[in-house]
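Q: I have a structure open here and I am new to it. Can we go through a few places in it?

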Amino acid sequence: MDEQRAGTEVETGAEPVAETPATPVGAGTDRGEGGGAGGPEDGEGRTSPSRVPAWLRTVGRGWRHPRLRWPKRVALALVLVSVLSLLAVGTALRVNYAGDPAPGTQTRNRDALWMGHAWVDGRKKDADVKALAKRLRATGIRDLYVHAGPLEHDGTLPESAYPKARWLVEAVHRELPGVRVQAWLGDVLATEGEVGMRLERAATRAAVVRSAGQILDAGFEGAHFDLEPLHSDDSNYLSLLDDLRRVTRAHDAQLSVAAHQIDPLPNLHSVFGAFTAHPKWWSQSFFGQVARRVDQIAVMSYDTALPLESLYGGYVAEQTSLALEVTPKSTDLLMGLPFYYEDNMDHHGSAETVAAAVRGTRLGLSRTDRTREHFGVALYVDFAAREKDWTAYEDGWVR
């Protein structure tokens, strides 16, 4: 989830090619023909050694050396294993997307909507709240995660970040009785770089806890935390959640978090961590530890890099099942829906659609815990949503 994007939303519904030198007269073969892309040929159609660069002939001799026979075979085997593994994963995801969701696997009226900073900094007015209420009234949305940060790297939160918080809470209560307004607080963690919040520092964690109390005193009915990138098995994060829950309970408020995706294969986060600085996933065990410490946990089930709707939907179905297996019955589990469109290496908008996410969520729920009550979806994010996103959510999940 993009912390910068939430704070700065916009409201909506080669290198030069070198010139090829001219071929000198007489550079062709005795037949008077040029050699084409492969270079000039001798009378038998073979590339003339005299025209092959010396460095290329050296590489060729090295590659044919008898001592490389087994290394080449091993390399080929690894390539084949990788290709076959990708094919197997793709097939499994497609199979996971097959079938029909069970009846009744639709909204439990516990859905949530991530909302941008414009709602608390003065840009939104009463008319905007009325329009929001008209949009949400017939849906299953019960919680609004309103961006009220970001937190400073030392865990503090300036009051100037949310000057219209109390106005918003009161306006929502007036127009949408029963809907809760939570403060969405996030920051970049210094887990993969030098700059960011450091949860290993006790003083920083204590400041985050004070910031939570501060926003609850301002009228918010919950604190929703999105700290990224958060690596699996971070004991400092678990300690922070324990301290935060004491504060939210004292205020009779909600504690909720945005969660990373779960290992689609056992220990995949460890494999990625060994080769990259970004492990991406959480272990299923760590996800369960987090879920037991909060009132709500929302899976950021988007930005998967998958290129097809069927693969993405199958992936969401798997994520739903994995999360259901370890989330307590008393904790609201929400699966994230991509209410935005981008096309890059992390997110292919043509594949990561709301319709595919809803269908995958329903399939996972059908197969794992179809009568689960503390379950819903979370829509990311209000200012980037298109009408077709709302329609897909309402047709696939609400009705």
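Q: Is A305 buried, exposed or partly exposed, and what is its relative accessible area?
A: A305 is partly exposed, because its relative accessible area is 35%. Buried means under 20% relative accessible area, exposed over 50%, and partly exposed in between (1.4 Å probe, protein chains only).

Q: What kind of model is this, and how are residues numbered?
A: This is a predicted model, in which local features need pLDDT of at least 70 and side-chain atom pairs count only at pLDDT 80 or more, while totals for chains, interfaces and linings use all residues. Residues are numbered from 1 along each chain as its sequence is written, and side-chain values use heavy atoms, with hydrogens and water left out.

Q: Back to A305: where is it?
A: A305 sits in the loop between β6 and α10. Helices (H or I, at least four residues) and strands (E, at least two) are DSSP runs, numbered from the N terminus. A305 is not a glycine, although its phi is positive, at about 70°.

Q: What about phi of D303?
A: Phi of D303 is near 55°, a positive value in a residue other than glycine. D303 is in the loop between β6 (296–299) and α10, and counts as partly exposed at 24% relative accessibility.

Q: And Q319, buried or exposed?
A: Q319 is buried, with a relative accessible area of 1%. Its place is in helix α10 (residues 309–326).

Q: What does Q319 touch?
A: Leaving aside neighbours within four places in sequence, Q319 is in contact (heavy atoms within 4.5 Å) with Q261, I262, P264, V299 and M335.

Q: New topic. Which residues of α5 are buried?
A: In helix α5 (residues 165–175), the buried ones are A165, L168, V169, A171, V172 and E175. Seen down the axis of α5, they fall within an arc of 165°, so they line one face of the helix. The arc is that of the directions from the helix axis to the C-beta atoms.

Q: What covers them?
A: The cover over the buried residues of α5 includes α4 (126–136), β2 (141–147) and β3 (180–188).

Q: How do α7 and α9 pack?
A: Helix α7 (residues 235–250) and helix α9 (residues 284–291) pack at an angle of about 15°, with their axes 10 Å apart. That makes α7 roughly parallel to α9. Axes are lines fitted to C-alpha atoms, for helices over the stretch in contact, and angles run from 0 to 180 degrees between N-to-C directions. Angles under 35 degrees count as roughly parallel, over 145 as roughly antiparallel, 65 to 115 as roughly perpendicular and the rest as oblique.

Q: Which residues meet there?
A: Y237, L238 and L241 in α7 meet F286, Q289 and V290 in α9.

Q: Last one: what about E394, buried or exposed?
A: E394 counts as buried, at 15% relative accessibility. E394 lies in helix α12 (residues 387–398). Not counting residues up to four places away in sequence, E394 touches R135, T139 and R399.
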